[in-house]
Amino acid sequence: MQTAIQLTLTSLQIGAVYILFSLGLTLIFGVMRIVNFAHGHLFALSALVVAVMLSWLAGMGIPILPAYLLAVLAGVTASAALGFIIYVFGFKYFQRDMVGSFILSIGLVLLLDGIFLEIFGGAVRGVPEILPGSVEILGASVTQQRLFLCGMAVVITAVLYWALTHTKLGKALRAVSIDHEAAMLQGVPYSRMALAGFMIAAVLAALAGALIAPISIVTPVIGADYLIKGFIAVIIGGLGSIPGAILGALFVAVIETVGSFYLDPTSAMITIFVLVIVVLLVRPRGLMGHG
């Protein structure tokens with residue numbers, strides 16, 4: 001029983017990051033009908049800036065928690081700025097163009113890989129634990145840092161879901177994702193909605209990177225693994241579906257955790273790919289896909 005609880009808690013911790021990452025991917029696809037392979041670099045940039053800034057601020061004698069909050073602000077700002085740049089000078093011209101956006105995003109991946117390695121180097125960076133200690137939940141142990149990560153993921157997801165269902169911007173984004181031509185006929189400015197959706201996705205990736213930094217090693221290529229898992233999650237859940245992204249992320253996290261515990265990480269990854277194949281055979285649009 002204790003093992004099951006521990007595996008469940010671990011799955012939720014891993015799934016929290018996958019959810020934030022996947023929500024951005026599915027939001028971009030829903031609004032713009034493109035795939036953005038550079039999404040992982042927005043995640044990585046935020047984590048890298050947090051690692052660098054936190055080390056610098058701590059060296060100045062600033063307490064660890066305020067230093068971390070300032071570093072998170074810097075990381076999210078940097079990723080949002082990068083997201084704005086690659087949208088305005090790139091994806092803006094390939095909206096609803098799967099082939100063009102695919103080629104562009106691959107080029108951006110290669111370009112940003114080189115830039116990140118040049119600026120940050122290839123060394124592994126460590127971020128000190130912000131909230132030390134652990135708590136017991138039904139006999140299973142979980143660190144306060146990971147518990148904070150889960151709590152923030154729940155809050156951010158809830159705020160996004162509320163915004164999409166109750167605000168004017170959210171309703172416009174949903175209308176564009178369902179039928180952009182009909183939405184434009186009703187006066188919805190598609191170009192502004194595409195920029196808004198892309199920037200929200202960039203901020204979600206940045207927040208995920210900033211939250212994962214204290215519990216993971218940070219390198220310029222940290223976003224690559226999360227990008228793969230994120231795409232698997234949205235494919236399983238259904239491209240363009242917010243609930244589907246959440247469900248898919250949790251599926252991936254559970255299989256990865258349980259498979260790694262009882263088998264090994266390689267077998268767990270194979271199982272995840274098998275699941276994707278099965279889902280696509282049974283439900284080509286994903287578990288909650290539509291359109």
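Okay, let's start with Arg96, which sits in the loop between α3 (64-88) and α4 (98-120). When I say helix, I mean a DSSP run of H or I with at least four residues, while a strand is a run of E with at least two, and both are numbered from the N terminus. Arg96 isn't a glycine, yet its phi is positive, near 60°. Its relative accessibility is 28%, so Arg96 counts as partly exposed. The cut-offs there: buried is under 20% relative accessible area, exposed is over 50%, and partly exposed is in between, using a 1.4 Å probe and protein chains only.

Quick housekeeping before we go on. This is a predicted model, so local features need pLDDT of at least 70 and side-chain atom pairs count only at pLDDT 80 or more, though totals for chains, interfaces and linings use all residues. Residues are numbered from 1 along each chain as its sequence is written, and side-chain values use heavy atoms, with hydrogens and water left out.

Now, another arginine: Arg33, in the loop between α1 and α2. Arg33 also isn't a glycine, and has a positive phi of about 55°. With a relative accessible area of 24%, Arg33 is partly exposed.

Let's move to the aromatics. How many aromatic pairs does the structure hold? There are eight. First up are Tyr18 and Tyr226, an edge-to-face pair with 5.9 Å centre to centre and 65° between the planes. To count as a pair, rings of Phe, Tyr and Trp (its six-membered ring) need centres within 6.5 Å; planes under 30 degrees apart are stacked, over 60 are edge-to-face, and the rest are tilted. And this pair links distant parts of the chain: Tyr18 is in helix α1 (residues 2-32), Tyr226 is in helix α9 (residues 222-237), and they are 208 residues apart. Buried or exposed, these two, Tyr18 and Tyr226? Both are buried.

Next, look at Phe21 and Phe43, which are edge-to-face too, at 5.4 Å centre to centre and 70° between the planes. Why does this pair tie parts of the chain together? Because Phe21 lies in helix α1 and Phe43 in helix α2 (residues 39-59), 22 residues apart in sequence. Phe21 has 0% relative accessibility, so it counts as buried. Phe43 is at 0% as well, and therefore buried.

Leaving aside neighbours within four places in sequence, Phe43 is in contact (heavy atoms within 4.5 Å) with a whole list of residues, including Val17, Phe21, Ala205, Ile222 and Tyr226. From Phe43 to Pro220 there are 177 residues in sequence, but 10.0 Å in space, C-alpha to C-alpha.

So, the helices. Two packed helices are described by the angle between their axes and the distance between the axes. For α1 and α2, the axes come within 10 Å and cross at roughly 135°. An axis here is a line fitted to C-alpha atoms, for helices over the stretch in contact, and the angle between N-to-C directions runs from 0 to 180 degrees. That's why α1 and α2 are oblique to each other: under 35 degrees is roughly parallel, over 145 roughly antiparallel, 65 to 115 roughly perpendicular, and the rest oblique. Who makes the contact? Val17, Phe21, Gly24, Leu25 and Ile28 come from α1, and His39, Gly40 and Phe43 from α2. That contact has five nonpolar, three polar and no charged residues. Nonpolar covers Ala, Val, Leu, Ile, Met, Phe, Trp, Tyr, Cys and Pro; charged covers Asp, Glu, Lys and Arg; the others, Gly among them, are polar.

Then there's α2 with α9: the axes come within 8 Å and cross at roughly 135°. That makes α2 oblique to α9, and the crossing is right-handed. On the α2 side you've got His39, Gly40, Phe43 and Ala44, and on the α9 side Ile222, Gly223, Tyr226 and Leu227. Here the contact residues divide into five nonpolar, three polar and no charged.

Last stop: Leu211, in helix α8 (residues 190-212). Its relative accessible area is 7%, so Leu211 is buried. Not counting residues up to four places away in sequence, Leu211 touches Leu20, Tyr68, Phe148, Leu149, Met152 and Ile156.

Terms used
Left-handed = near helix turned anticlockwise from the far one by under 90°.
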